[in-house]
Amino acid sequence: MRILVTGGAGFIGSHLCERLLADGHDVTCLDNFLSGARRNVAHLEAHPRFTLRVHDVTLPFEAEADRIYHLACPASPRHYQSDPVSTVRTNVLGTVHALDLARWSRARLLLDYRMLFFVYSCVIMHSVM
Ligand SMILES: NC(=O)c1ccc[n+]([C@@H]2O[C@H](COP(=O)([O-])OP(=O)(O)OC[C@H]3O[C@@H](n4cnc5c(N)ncnc54)[C@H](O)[C@@H]3O)[C@@H](O)[C@H]2O)c1
């Protein structure tokens, strides 16, 4: 399968990329290195079935994908509290763009439940303000 991992250079994403490659998939890692690091996937960059794309998920993205693991979100409080507005943008816009891509490419999307929590929180806050 062709698999896109957003946040693929992070803690969970980099291990997931390794595992998916080992299972024989074509893996695209999309990350802007906000809280992850290129060194986390440096050992994969020469792999023939691995592609690294430096991109911010708050901007639309395209990829040929059968499955999308959407993990692009700073997970540690130090990172997600340092710029709360940017964190909300990442969760809301990043999730919308991942959903758009899933619909366009008819891919299955795996979404971290915390993203949905952020999205629903924003919708609820917006509706009561
Ligand atoms: N680590 C845990 O114990 C844990 C547990 C449950 C859920 N999660 C969730 O899994 C996901 C990944 O967690 P992690 O621990 O690997 O975090 P991490 O911070 O190590 O990885 C997140 C990755 O997303 C990237 N990223 C952040 N903003 C981005 C943007 N705008 N565009 C592109 N890439 C961006 C970061 O650079 C990083 O590589 C998070 O959504 C987190 O909430 C983590």
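Q: Helices (H or I, at least four residues) and strands (E, at least two) are DSSP runs, numbered from the N terminus. In the loop between which two elements does Arg38 have its place?
A: This is a predicted model, in which local features need pLDDT of at least 70, side-chain atom pairs count only at pLDDT 80 or more, and totals for chains, interfaces and linings use all residues. Residues are numbered from 1 along each chain as its sequence is written. Arg38 sits in the loop between β2 and β3.

Q: What does Arg38 count as: buried, exposed or partly exposed?
A: A residue is buried if 20 or more other C-beta atoms, placed from the backbone, lie within 10 Å of its own, exposed if 12 or fewer, and partly exposed in between. Arg38 has 13 C-beta neighbours inside 10 Å, so this residue counts as partly exposed.

Q: Which residues is Arg38 in contact with, leaving aside its neighbours within four places in sequence?
A: Two residues are in contact if their C-beta atoms, placed from the backbone, lie within 7 Å. Arg38 and Ala9 are 29 residues apart along the chain, with their C-alpha atoms separated by 6.2 Å. The contacts of Arg38 beyond four places in sequence are with Ala9 and Phe33.

Q: What is the phi of Phe33?
A: Phe33 also lies in the loop between β2 and β3, and is partly exposed, with 13 other C-beta atoms within 10 Å. Most residues other than glycine have a negative phi. Phe33 is not a glycine, yet its phi is positive, about 65°.

Q: What pattern does the protein chain follow along the sequence?
A: The chain has 129 residues, of which 33% count as buried. Its secondary structure comes to 4 helices and 5 strands. Read along the sequence, they give β-α-β-β-β-α-α-β-α.

Q: How far apart are the end C-alpha atoms of α1?
A: The expected span of a helix is 1.5 Å times one less than its number of residues. The 12 residues of α1 (residues 11-22) should therefore span 16 Å, and the model agrees, with its end C-alpha atoms separated by 17 Å.

Q: Which exposed residues lie on the face of α1 turned away from its buried side?
A: Gly13, Ser14, Leu16, Cys17 and Leu20 are the buried residues of α1. Seen down the helix axis, the directions from the axis to their C-beta atoms fall within an arc of 160°, so these residues line one face. Their cover includes β1 (2-6), β2 (26-31), β3 (50-54) and β4 (67-70). The face turned away carries the exposed residues His15, Arg19 and Ala22.

Q: Which residues have the most contacts inside the largest nonpolar core?
A: A nonpolar core is a set of buried Ala, Val, Leu, Ile, Met, Phe, Trp, Tyr and Cys residues joined through C-beta atoms within 7 Å. Cys17 of α1 touches Val5, Gly8, Val27, Cys29, Val41, Leu44 and Phe50, not counting residues up to four places away in sequence. The largest core has 22 residues, and those with the most contacts inside it are Ile3, Val5, Cys17, Val27, Cys29 and Ile68.
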